[in-house]
Amino acid sequence: MKSFNQVFESYNWDDTKASIYDKTATDVERALNNQQRTLEDFKALISPAALPYLEDMAQISQRLTLDRFGRTIQMYIPLYLSNECNNICTYCGFSYDNKVRRRTLNPMEIMQEVAVIKGMGYEHVLLVTGEANQTVHTDYFKKVLDLISPHFAHIAMEVQPLDVEDYGTLIPRGLNTVLVYQETYHQDDYRKHHPKGKKANFLYRLETPDRLGQAGIHKMGLGVLIGLEDWRTDSFFTALHLSYLEKQYWQSKFSISFPRLRPFSGGLEPKVVMNDKELVQLICAYRLFNSEVELSISTRETETFRNHIIKLGITAISAGSKTNPGGYEVAPQSLEQFEISDERSPQEIAAMISKQGYEPIWKDWDRSLIHQSC
């Protein structure tokens, strides 16, 4: 079976980086004028040469987003189930070598969290765990999905990569979306940041979206942790990955997220700092490259930034997030995976969205749609 690894191996990181930074104003103008944009156009749009064209990019991005998604912003919230983890990751508060109290929620605790989340109005939930195969494994995920699927219209997961067979057992239980971030496509730096645990296997993680596609997942999410490496080069490889997956698994939908490295206990300083203007550039570049992909922004970002990004290409936003297991009701004071920046309530975020002439969407999917389309 073909996998993205075969495509990935045909590219060289340093050559790719150089080609991005070599792009000129002429390349940017050509990309802006093209109706169907290529990966070379994407390089131009994320290059330093594109910064003077940011207003033009923003206008096109807004138009393309309105044409495809209308004036809607999807609301979602993470539900952290466990901070147990066998991996050492230099940037994560759940890292195995970080001395914190570990916990995995039991069924009663999960339902306490669900009650709070439902009280906020949410129908879309993102389940998050560390990577600890002895406790948060496929059987645990089966039990969680059986427990909560009657309560949500859309369930996503951000957990350790699994095999095709594992995904195949979770999808019928209500799993709709899986997010799997490569963190960085720079293999040498990836090894530096993942020295221990199953996550140290770069290629197994790289091929996770292929396994998701083979299992028939409805939607998969991609992204990198911005700050680990050159964000332009990492973003190109994300776009390359997206382009491959859309052709190979055309029945699935796709989303991109933009997590910038945030502080945590004993945290890592970013190798490369991306400023707000550059993040706007990247968001717009993805929209110009792909009018169908969903673009998501989390509470890692500030109030001011999130207020201003609503009209520029984003289609999904989290609000009221807690990044620790039990953070909503069971154990609100426990250590979070990372610090959030925008602490406004879901109702405040929804009001902000409405004030800008957009509609906050709490539910736009139901599992019954699967059966109706079969």
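By salt bridge I mean a side-chain nitrogen of Lys or Arg within 4 Å of a carboxyl oxygen of Asp or Glu. Two notes on the source. This is a predicted model, in which local features need pLDDT of at least 70, side-chain atom pairs count only at pLDDT 80 or more, and totals for chains, interfaces and linings use all residues. Residues are numbered from 1 along each chain as its sequence is written, and side-chain values use heavy atoms, with hydrogens and water left out.

How many salt bridges does the structure hold? There are 22.

Take Arg68 and Glu292, whose closest N and O atoms are 2.7 Å apart. Arg68 sits in helix H5 and Glu292 in the loop between H13 and strand S7 (294-297), so this pair ties together parts that are 224 residues apart in sequence. Helices (H or I, at least four residues) and strands (E, at least two) are DSSP runs, numbered from the N terminus. For accessibility, buried means under 20% relative accessible area, exposed over 50%, and partly exposed in between, with a 1.4 Å probe and protein chains only. Arg68 is partly exposed at 36%, and Glu292 is partly exposed at 44%.

Next, Asp188 and Arg191 form a salt bridge, at 2.8 Å between the closest N and O atoms. Both lie in helix H9 (residues 187-193), three residues apart, about one turn of the helix. Asp188 is partly exposed at 46%, as is Arg191 at 47%.

Then there is Lys271 with Glu229, at 2.6 Å, N to O. This pair links distant parts of the chain, 42 residues apart: Lys271 is in the loop between strand S6 (253-257) and H13, and Glu229 in the loop between strand S5 (219-222) and H12. Elsewhere, salt bridges with shared partners join Glu131, Glu183, Lys199 and Arg205 into one network.

Now the pocket. On a 1 Å grid over the protein atoms alone, where a 1.4 Å probe fits, a pocket is an open set of points with protein on both sides within 12 Å along at least five of seven lines; lining residues have an atom within 4 Å of a point. The second largest pocket holds about 410 Å³ of space, a volume being the space filled by probe spheres set on the points. It is lined by 16 residues, and closest to its centre are Gln36, Arg37, Leu288, Phe289 and Asn290. Helix H5 (54-69), helix H12 (231-248) and helix H13 (276-289) each supply at least two residues of that lining.
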